[in-house]
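Subject: Structure handover

Hello,

Here is the structure I said I would pass on. My notes on it follow below the display.

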Amino acid sequence: MENLDFILMVAGAVVAGLLFIGLIFTKLYHRASKEVAFVRTGMGGEKVVKDGGTLVLPVLQEVINVNMNTLRLEVRRANEAALITRDRMRVDVTAEFYVRVAPTVEAISVAAQTLGNRTLEVDALKSLIEGKFVDVLRAVAAEMAMEELHEKRSDFVQRVQNNVRVDLEKNGLELESVSLTGLDQTDPKFFRVDNAFDAEGLTQLTKITESRRKQRNDIERETEVQIQERNLETEQRSLAIKRESEYARLQQEKEVELRRAAQTTDIAKERADKNREAELVTIEADRAIEEARIAKEREVEAREIDKRRQLEEAEIVRKRTLELAEQEKAIALARKSEEESAARAKASEAEALSVAAQENVRTVQETAVAERDKQIEIIEASKAAEMDAVKIRVAAETEKAAAEDRAEALLTEAKANAEKAEIEAQAEAAAEKTRADAKAKSYEVEAAGQRALHEASNVLSPEQVEMQLKLALYKYLPDIIRESVKPLENIDGIKIVQMDGFAGQASGHGDDKREGGSGNLADSVTEAALRYRTQAPLVDALLGEIGLKDGITKLDKLNS
């Protein structure tokens, strides 16, 4: 039992010892990770651990952790601290530098040596190396103009990256990339007028902004003129289109009216033809009916005449039979003379009356036939006259309609010409107004220019005015001298042999070569000399004004 207790005590002590050793090992073992490496210094020398781990003995050894993550360091230079470019302009720049410790043993050792634990704190690392970034940014910006800096941002970034990489390697860092997130011109209020760079940059900035403002103003004015010209062209084209449209409409209406008139005329003609044909057919039908009727009447009359003639012949035969019977009776009874003569005389009277009655009947019949033929001829003549009247009326109506159409066409054409003249007058008035406005603007610009010149002349100092006066004298001096000696220039040469006086006539013959060759030579010479001498003081005074006091003497010498 005692042995068992002893064994348990030994086992417990061993376990406790192992637990103690394990606890000490856990406390002393230092492990690296992907994000953090460390450098152990002290006993055993320097050891860089980026993977795995190692024991670190307190007091004898020390550990410096190194952050292996990528760090973003933002550098902003603006306002008074803005960068100065090659053309002495100030620019506000915001750049982001992405750096990390290079994943090599040497770089980790250098970073631990030069940076210490600052790799774990972004602000501390930034405060340490920001000066390098600013120095590189200023150096690269000083080599580029502001406009070049804006247009070649990638070149700027690449130059900064190349220049800063060497400095970072000295601290065990490597530069992954540089981003230029902000670039703009510094506000002019931060330019100091007592600073040489700022004064030059401010002058450059003022020159650029004023030039741009002038260019912008020119562009705006030109744009306004172009817009007005474009509006004018558009208005003119619109008016021309409207005019052409109106002309086309009038032409169309004219053609429609002419076509309608022609169609109406054709319809009237066709209708008249149809009516004439119908009337002809009707007349023919009436004529046929009338002829049939007349033929029938004539046939009836012929039958009646034949019937009456047969009746008359029968009556005559009957009467002759009766007369023969009477004569035979008279002959039978002749024997009585008085009675027989009386019977014959009565028979003769009866026969005469019969013949007269027959003639009267024949006369009435022929008169009726003649009257009927006359009525037929009158009817036919009336029909022919009515047909002629219808033809004349139709022709007159057709001519009337055509005349109305021609009058309406002339009226439409006159209206179209009047509207065309009105539109042309309006267009000419608008063009004249536009030219007048353009001239007015031109005069305004010219007046403004003259006013500006006058204002500029008014602010000149007396010395400047005197200098301009002298320059003007220098400019016109050749003309003044030329005009002053002009009276003598026509005298090519003079040789006087004898002269009786200025008032008398000159005698002798010389080689006078004046033009015309007439007049008193002495008077001419004297007059030219006097005119020259009269102008000499004025020329001398002008030469004196510009500092050539002995100019007239030299001029006399030249003329002599």
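Ala37 has Val66 as its bridge partner in strand 5. The model is a predicted one. That pair sits where strand 2 (residues 36–42) meets strand 5, two strands that run antiparallel and are joined by seven bridges.

Both strands belong to an open sheet of three strands, ordered 3-2-5, with antiparallel pairing. Strand 3 (47–49) and strand 5 (61–67) are the edge strands, each pairing on one side only. From one strand to the next, the twist averages 20 degrees.

The other part I looked at is helix 5. Helix 5 covers residues 153–169, which is 17 residues, and reaches 24 Å from its first C-alpha to its last, close to the 24 Å expected at 1.5 Å a residue. Buried residues in helix 5 are Phe156, Val157, Val160, Gln161, Val164 and Leu168. They pack against strand 8 (90–101), helix 3 (122–142), helix 4 (146–151) and strand 9 (173–185).

How do helix 3 and helix 5 pack? Their axes are 9 Å apart and the angle is about 140 degrees. Helix 3 is therefore oblique to helix 5, since only angles over 145 degrees count as roughly antiparallel. The crossing of the two helices is right-handed. On the helix 3 side, the contact is made by Ile129, Lys132, Phe133, Val136, Leu137, Val140 and Ala141. Helix 5 contributes Phe156, Arg159, Val160, Asn163, Val164, Asp167 and Leu168.

Regards

Key:
Residues numbered from 1 in each chain as written. Predicted model: local features only at pLDDT ≥ 70, side-chain atom pairs only at ≥ 80, totals over all residues. Heavy atoms only, no water. Pairing = 2+ DSSP bridges. Helix = DSSP H or I, 4+ residues; strand = E, 2+ residues; numbered from the N terminus. Axes fitted to C-alpha atoms, helices over the stretch in contact; angles between N-to-C directions. Expected span 1.5 Å × (residues − 1). Buried < 20%, exposed > 50% of the residue type's maximum accessible area, 1.4 Å probe, protein only. Contact = heavy atoms within 4.5 Å. Parallel < 35°, antiparallel > 145°, perpendicular 65-115°, else oblique. Left-handed = near helix turned anticlockwise from the far one by under 90°.
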